[in-house]
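Subject: Structure for you to look at

Hello,

Here is the structure I promised to hand over. Please open it beside this email and follow along as you read.

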Amino acid sequence: MKNIFSYYIAILLPILIVIIFFEKMTSNIFVLILTLYFIYRNFIDGYRLFLLGKIKKNEIYKTFILFYNIKYFKTLYFKV
């Protein structure tokens with residue numbers, strides 16, 4: 001996931017799928033999928049930071065802490 005393009009595909013594709021199937025979902029399923037997306041997104045962010053060498057593998061869990069990724073914002077979204 002060092003490639004910025006594959007990172008953006010990994011974080012945006014699930015949202016696109018939810019948008020496509022939004023009308024066919026019940027509210028409970030939508031909330032469940034949204035919750036799973038936030039867990040998935042934190043894991044993807046942590047994995048990218050690990051591959052870029054910004055954090056150690058045993059620190060990936062820290063990306064689940066609210067606002068932890070802010071200090072790596074530039075690295076996550078703009079560095080190639």
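Start with the buried residues of α2. They are Tyr-37, Arg-41, Asn-42, Ile-44, Asp-45, Gly-46, Arg-48 and Leu-49. These buried residues pack against α1 (4–20) and α3 (73–77). Keep in mind that this is a predicted model.

Helix α2 also passes a simple length check. It covers residues 27–51, which makes 25 residues. At 1.5 Å a residue, the helix should span 36 Å. The C-alpha atoms at its ends are 36 Å apart, so the two values agree. After α2 comes Gly-53. The phi of Gly-53 is positive, near 80°.

**The whole chain**

Now step back. The protein chain has three helices and zero strands. Along the sequence, the pattern reads α-α-α. The C-alpha trace spans about 40 × 25 × 20 Å along its principal axes. The chain has 80 residues, and buried residues make up 29% of them.

Is Arg-41 buried or exposed? Its relative accessibility is 18%, and buried means under 20%, so Arg-41 counts as buried. Which residues does Arg-41 contact, leaving aside its neighbours within four places in sequence? They are Tyr-7, Ile-11 and Tyr-77.

Arg-41 has a partner as well. Its side chain meets that of Asp-45 in a salt bridge, at 3.4 Å from N to O. Why can such pairs form? Side chains of opposite charge can pair when their charged atoms come close. Arg-41 and Asp-45 are four residues apart in helix α2, so about one helical turn separates them. Asp-45 is buried too, with a relative accessible area of 3%.

How many salt bridges are there? The count comes to two. Glu-59 and Lys-62 form a salt bridge through their side chains, at 3.8 Å from N to O. Here the residues are not buried. Glu-59 counts as partly exposed, at 22% relative accessibility. Lys-62 counts as partly exposed, at 24%.

**The loop between α2 and α3**

Two residues in this loop deserve a visit. Take Ile-55, which lies in the loop between α2 and α3. Ile-55 counts as buried because its relative accessibility is 5% and the cut-off is under 20%. Leave aside its neighbours within four places in sequence. Ile-55 is then in contact with Gly-46, Leu-49, Phe-50, Ile-60, Thr-63, Tyr-68 and Tyr-72. Tyr-72 sits 17 residues from Ile-55 along the chain. Their C-alpha atoms are separated by 9.9 Å.

Phe-67 is in the loop between α2 and α3 as well. Its phi is positive, about 65°, although Phe-67 is not a glycine. Is Phe-67 buried or exposed? It has 64% relative accessibility, and exposed means over 50%, so Phe-67 counts as exposed.

**The largest pocket**

Phe-67 turns up again here. The largest pocket has a volume of about 220 Å³. It is lined by 13 residues. Those nearest its centre are Asn-42, Phe-67, Tyr-68, Asn-69 and Ile-70. The elements that give two or more residues to this lining are α2 and α3. The largest share comes from α3, with three residues. What kinds of residue line the pocket? Nine are nonpolar, three are polar and one is charged.

**Where to look**

- The salt bridge between Arg-41 and Asp-45.
- The contacts of Ile-55, including Gly-46 and Tyr-68.
- Phe-67, with its positive phi.
- The pocket residues nearest the centre, among them Asn-42 and Asn-69.

Best wishes

Technical notes
Residues numbered from 1 in each chain as written. Predicted model: local features only at pLDDT ≥ 70, side-chain atom pairs only at ≥ 80, totals over all residues. Heavy atoms only, no water. Expected span 1.5 Å × (residues − 1). Buried < 20%, exposed > 50% of the residue type's maximum accessible area, 1.4 Å probe, protein only. Contact = heavy atoms within 4.5 Å. Salt bridge = Lys/Arg side-chain N within 4 Å of Asp/Glu carboxyl O. 1 Å grid on protein atoms, 1.4 Å probe; cavity = no way out; pocket = protein on both sides within 12 Å on 5 of 7 lines; lining within 4 Å. Points joined across faces, edges and corners; volume = space filled by probe spheres on them. Nonpolar A, V, L, I, M, F, W, Y, C, P; charged D, E, K, R; others polar.
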